Amino acid sequence: MDVGKDLVLDMYRKMHRIRYFEQKIKELITTAEIPGFLHVSIGEEATAVGVCAALRPTDRITSTHRGHGHLIAKGGDVGRMMAEIYGKRTGYCKGKGGSMHIVDFSLGILGANGIVGGGIPIATGSALAAKISGSDDATVCFFGDGAANEGTFHESLNLAAIWKLPVVYVCENNGFGEFTPTAAVTSVKDIAVRAKSYDIPGFVVDGNNVLEVYRYTSEAVARARAGEGPTLLECKTYRWEGHVVGEQAFITGGYRSEDEVARWKARCPIIQLEKTVLESSMLKREELDRIAQQAHDEVEAAVEFARRSPLPEAAEAQEDLWV
Amino acid sequence: MAQLTYLQAIRTALAEEMERDPKTFLLGEDVVLSAFGSTRGLHERFGSERVRDTPISEAGFVGAAVGAAMAGLRPICEIEIAPFIYCAFDQIVNQAAKLRYMSGGQARLRITFRTLYGAVGGAAAQHSETVYPHLLSVPGLKIVVPSGPADMKGLLKSAIRDDNPVIVFEHAALGRSREEVPDGDYLVPIGKASIKREGANVTVVAIGAMVPRVIAVANRLAKEGIEVEVVDPRSLAPLDEETILNSLAKTNRLAVVEEGPLTGGWAGEVVALATEHGLHDIDDIWRLTTPDHPIPYSPALEDAFLPGPEQIVASVTERLGAEIRTTA
């Protein structure tokens, strides 16, 4: 395997961190301990982690409403993320933004976004800024299959192509836009094909294979840094949970077959990585278990931190509007 | 001091600020050739990295300007004609205006939007609208509406230097208006009104192209013994409430003359302000706006659409004329 042990360990750790974080969120909503609309990404960990593993700290990302995985993969602090979701003052955004608007500039996280497709022009602009400044920092834009039908997707890819911007567009195709299958509303089977319309490279990637995601992203980032312009990566994956946690309360009837869910669970990205590293003897079972346990403990600690943290005072609602 | 046109004032302000701050850059449709003249010469001076023609992709390039601002630059983003803002509405209103707040103060969007607005004669409904009323109701965006070359230079420079999102509305019919403009680093503060003409009988609040029109009317009315105080807020957000209320306290009559809709327009905001905070100063209060239908194309109809000089004169004399003559 051409990926170093430290990097693989980090990938494994981050995937578990995401998995536990999202499972915990689901639990906390079900017991009504946290407010808000929450969109978890269980099953999609490999895309977030594989992509961010190919980035340096000064590279930037934009994320989506289903962004906890991206934020954690880019190095986000689970305590401050959890506190934000709890609406506490110690959260990343002082409780002002919530799950869909988490930002951490020190890590190059330009933010999750509550508008589907809203982050695509922003990521494009981040890449434009790098180009104008003469920096070789890259920007990754995470978005979903649904966003690939938004006007902003098309306008942004064209703009990035004509100006050769250092941006990697990562489409997480999880088969569904909210409650509607992607296939029913998308003119192409593989979104990657749309790269041709903008004369940029486009690839279909196994979004559940973290090492494959890492490899494709590394190549795309290298192209970006060399001034060769944007790439479109379509990572095929699947979300184990619904669109929003608790949706069974308001949508009647399922929209996915149990068979389909079971088939994708059998392709769990974490188990796939485990198999690969155990078979190659890169890591032992005990090491993996230890890392998984650490990730689990971090998430538990994050919840405790969030619970103990204070809520914002009423007067704080008026702050942070103007510089 | 030099005599500059409104367009020259824009060009001067842009050139000075782009010279001063290497993090500024300009983007928009036709900014290199500059269809209406406001950015002419900037491309030759500052080059292709910093002056960029965009495709016709408002959501795309406005959002890119937002992203570049998030990444630390100071973009100047032109939206060629104000109603095209609707194509980029999400990026301005859901993103630019809200990102700082939603991020708990982490984001600093040093972005200036500039757009051409207003009736010019024959541009019809989709090219003539003022648009700013829609932006007023989303906190997080500063809005300035300069009425002449000096205010334009000063406000545009202030807008570019402001670390918050600011949108500058440049009236399409004022391009050739001309006046003395101070040289050098002339800045007009955002959020500060200007009393363009003092008077004791009635306060008329106006912005943009209505300001020179109201001043001309005021000079006419003076001959009839009616002294009009013309207040030009210059910024719609933040609004200089104190200057407006002080003037009302002095004259006890307030009219808002606006090239904008009656319903949901800015004039209603001024009336609400006056009635909430200056109720006991009010002897009379009214609005003169465009009617609640889109601007028609035919010159015969368009001329009647805007508050015209005769209409303003009639409106003021009707409400004041009798009273003034009896007290004179």
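Domain bounds here are those of an automatic or database domain assignment. On this basis, chain B of the predicted model is divided into domain 1 (2-181) and domain 2 (194-327). The centres of domain 1 of chain B and domain 2 of chain B, taken over C-alpha atoms, are separated by 27 Å. In the contact between them, domain 1 of chain B takes part with 26 residues and domain 2 of chain B with 25 residues. On the side of domain 1 of chain B that touches domain 2 of chain B, at least two residues each are supplied by α6 (125-128), α7 (132-136), β6 (142-144), α8 (149-161) and β7 (166-171) of chain B. By class, the residues on this side of domain 1 of chain B are 15 nonpolar, nine polar and two charged.

Confidence scores accompany the model. The average pLDDT of chain B is 95, and 98% of its residues score at least 70. For the model, ipTM is 0.95 and pTM is 0.96.

The contact between the chains was examined next. It involves 35 residues of chain B and 33 residues of chain A. On the side of chain B that touches chain A, two or more residues each come from α2 (42-50), α3, α4 and α5 of chain B. The largest share of that side, 10 residues, is provided by α3(B). The side of chain B that touches chain A consists of 15 nonpolar, 14 polar and six charged residues.

Helix α4 of chain B spans residues 89-96, and its buried residues are Gln91(B), Ile92(B), Gln95(B) and Ala96(B). In a view down the axis of α4(B), these buried residues fall within an arc of 115°, so they line one face of the helix. The spacing of such residues follows from helix geometry: an α-helix has 3.6 residues a turn, so residues three or four places apart point the same way. The packing partners of the buried residues of α4(B) come from both chains: α5 (119-133) of chain A, and α3 (58-70), α5 (99-102) and β5 (112-117) of chain B.

The largest nonpolar core contains 193 residues. Within this core, the residues with the most contacts are Val167(A), Val168(A), Val170(A), Ala65(B) and Val214(B). The element that gives the most to the core is α3(B), with nine residues. Because domain 1 (2-181) and domain 2 (194-327) of chain B both give residues to the core, it lies between them. In soluble globular proteins, nonpolar side chains tend to be buried together. The surroundings of Val168(A) were listed without residues up to four places away in sequence. Val168(A) then touches Ala138(A), Val140(A), Thr217(A), Ala220(A), Val221(A), Ala224(A), Pro230(A), Thr231(A) and Leu233(A).

Asp199(A) is located in the loop between α7 (182-185) and β6 (202-206) of chain A. Asp199(A) has 11 other C-beta atoms within 10 Å and is therefore exposed, the limit for an exposed residue being 12 or fewer. Between Asp199(A) and Phe250(A) there are 51 residues in sequence and 42 Å in space, C-alpha to C-alpha. Asp206(A), by contrast, belongs to strand β6 of chain A. Asp206(A) has 19 other C-beta atoms within 10 Å and is partly exposed, because a buried residue needs 20 or more. Asp206(A) and Cys235(A) are 29 residues apart in sequence, and their C-alpha atoms are 5.7 Å apart in space. With neighbours within four places in sequence left aside, Asp206(A) is in contact with Glu212(A) and Lys236(A).

Several loops of chain B have backbone features of note. Ala237(B) and Pro238(B) are joined by a cis peptide bond, with omega about -5°. Pro238(B) is placed in the loop between β12 (235-237) and α10 (241-251) of chain B. Positive phi values in residues other than glycine occur at Asp30(B), where phi is near 60°, and at Ala124(B), where phi is near 70°. Asp30(B) is in the loop between β2 (24-28) and α2 of chain B, while Ala124(B) is in the loop between β5 and α6 of chain B. Asp30(B) has 14 C-beta neighbours inside 10 Å and so counts as partly exposed. Ala124(B) also counts as partly exposed, with 14 C-beta neighbours inside 10 Å.

Terms used
Residues numbered from 1 in each chain as written. Chains lettered and ligands numbered in written order. Predicted model: local features only at pLDDT ≥ 70, side-chain atom pairs only at ≥ 80, totals over all residues. Helix = DSSP H or I, 4+ residues; strand = E, 2+ residues; numbered from the N terminus. Arc of directions from axis to C-beta. Contact = placed C-beta atoms within 7 Å. Core = buried A, V, L, I, M, F, W, Y, C linked by C-beta atoms within 7 Å. Nonpolar A, V, L, I, M, F, W, Y, C, P; charged D, E, K, R; others polar. pLDDT = per-residue confidence, 0-100.
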